[in-house]
Amino acid sequence: MSIQALPRLLELAGQSLLRDQALTVSAMEELPRVLYLPLFMEAFSRRHFKALTVMVQAWPFTHLPLGSLMKTLHLETLKALLEGLHMVLTQKDRPRRWTLEVLDLRDVDENFWAIWPGAWALPCSPEATSKRQTAEDCPSTGEHQPLKVFIDVCLKEIPQDECLRYLFRWVYQRRGSVHLCCSKLVNYLTPIKYLRKSLKIIHLNSIQELEIRNMSWPHLIRKLRCYLKEMKNLRKLIFSRCHHYTSDNDLEGRLVAKFSSVFLRLEHLQLLKIKLVTFFCGHLEQLIRCLQNPLENLELTCGYLMEEDVKCLSQYPSLGYLKHLNLSYVPLFRISLEPLGALLEKVAATLETLILEGCQIHYSQLSDILPGLSRCSQLTTFYFGRNFMSMDALKDLLGHTSGLSKLSLEMYPAPDESLNSLVHVDWEIFTPLRAELMRTLREVRQPRRIFIGPAPCPSCGSSPSEELEFHLCC
């Protein structure tokens with residue numbers, strides 16, 4: 001028999017087995033492993049729900065990465081599989097070959113489906129081949145461990161996605177024997193009750209990335225603080241468009257203090273991103289001093305910071321190893337930038353991304369940050385557009401980037417001399433000035449991708465990107 005004929009024989013055998021309406025768990029336990037995964041995929045693609053229910057009860061692998069097959073959850077398929085799992089979980093004596101520990105509904109492990117002998121039957125990329133892993137049976141421990149169900153959750157609509165609601169209800173009814181693990185949770189919903197219901201079901205220690213949008217700060221702090229402090233493996237925390245509706249500064253201070261105490265428990269936090277930072281204006285130090293782990297990424301954008309807020313950024317060890325700093329659209333024109341310059345000097349050996357776009361920095365403030373900036377030897381991305389710079393100030397700035405050999409993407413504003421009375425670029429004036437700035441830059445280093453002027457460009461609509469070499473509109 002030729003090797004080419006073997007996959008066809010396996011396919012025919014699988015199709016014959018799926019036509020058996022009396023398919024049982026005992027039959028599955030005798031099924032050779034060479035047939036198990038291709039047969040499951042055949043049943044899955046043809047939506048043989050009864051076969052799926054039976055097959056999952058005799059699943060001989062520790063993992064079932066269903067998300068990489070399903071991509072988008074299909075309710076009837078999910079019901080069939082969960083029905084089979086329910087039958088196993090309620091049995092004292094489980095099927096002999098059943099070793100399932102993890103049901104993964106994330107799209108993370110498509111290589112799993114090419115691991116059995118005879119994997120040549122399916123096309124497989126060289127990348128997939130290099131990452132292929134072999135699933136092995138785990139020895140029985142004598143005790144039934146909870147089944148872990150992994151899923152990334154995005155709460156967008158009311159009512160929630162039908163598949164998600166069904167899964168949550170199924171897990172809640174079996175919360176002693178099933179742990180719902182969610183590495184990434186994103187919430188777009190304004191009513192906080194839907195997020196709280198989800199957090200009551202999800203195993204909080206499993207959450208590594210949490211993003212909350214469109215919620216008021218007081219509600220967030222009062223209602224979610226008890227959940228946040230239990231997310232001990234949290235690595236990324238993102239708050240976007242979280243508003244506040246109180247002018248009581250004392251109340252704000254107490255709420256920020258309560259919220260900041262959460263960070264005493266977050267020992268693995270690496271990224272903190274807060275968009276619309278008004279609520280922390282004057283209170284940022286309370287938060288920063290509670291950070292337990294050195295942050296890699298700090299983003300405080302689209303809000304206001306006071307001078308004491310900026311001062312605290314350079315005073316605490318947790319910000320001494322930043323790789324990415326984003327203060328875009330935080331007005332800084334009224335305060336001293338010496339503390340920001342001190343922070344840049346502190347993180348000069350690690351900083352890779354610096355975004356100061358739209359901070360309304362005036363050229364008279366530039367000298368406060370240039371010494372620190374010039375030492376950031378690892379910097380690859382620098383956005384400085386939408387600030388107020390004269391021609392001389394921009395030349396000085398470009399000259400201080402001579403040692404930044406790793407810069408691959410940079411953005412600068414048009415010089416003030418090229419702006420008309422409406423603060424729009426006069427292109428006849430701007431074009432030769434930009435050419436002069438490029439000559440100044442090339443005297444100290446060779447740029448890669450650089451934008452000088454408004455972005456997006458009113459002429460061609462282009463913005464800074466990894467694909468564009470130079471901003472050369474006219």
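Biologist: What makes Lys 184 and Glu 209 a salt bridge?

Modeller: This is a predicted model, and in it the closest N and O atoms of Lys 184 and Glu 209 are 4.0 Å apart; a salt bridge requires a side-chain nitrogen of Lys or Arg within 4 Å of a carboxyl oxygen of Asp or Glu, so the pair is counted as one. Lys 184 belongs to strand β6 and Glu 209 to strand β7, 25 residues apart, and the pair therefore links distant parts of the chain.

Biologist: Why is Glu 209 called buried, and why is Lys 184 called partly exposed?

Modeller: Glu 209 has a relative accessible area of 18%, and buried means under 20%, so Glu 209 falls below that limit. Lys 184, at 34%, lies between that limit and the 50% above which a residue is exposed, and is therefore partly exposed.

Biologist: How do you know that Glu 410 and Arg 445 meet in a salt bridge, and are the two residues buried or exposed?

Modeller: Their N to O distance is 2.6 Å, which is within the 4 Å cut-off, so the pair qualifies. Glu 410, with a relative accessible area of 0%, and Arg 445, at 10%, are both under 20% and therefore buried.

Biologist: What is the side chain of opposite charge nearest to Asp 309, and how far away is it?

Modeller: It is Arg 289, 11 Å away; a salt bridge needs 4 Å or less, so buried Asp 309 has none.

Definitions and conventions
Residues are numbered from 1 along each chain as its sequence is written. This is a predicted model: local features need pLDDT of at least 70, side-chain atom pairs count only at pLDDT 80 or more; totals for chains, interfaces and linings use all residues. Side-chain values use heavy atoms; hydrogens and water are left out. Buried means under 20% relative accessible area, exposed over 50%, partly exposed in between (1.4 Å probe, protein chains only). Lys and Arg count as positive and Asp and Glu as negative; His and the chain ends are not counted. Helices (H or I, at least four residues) and strands (E, at least two) are DSSP runs, numbered from the N terminus.
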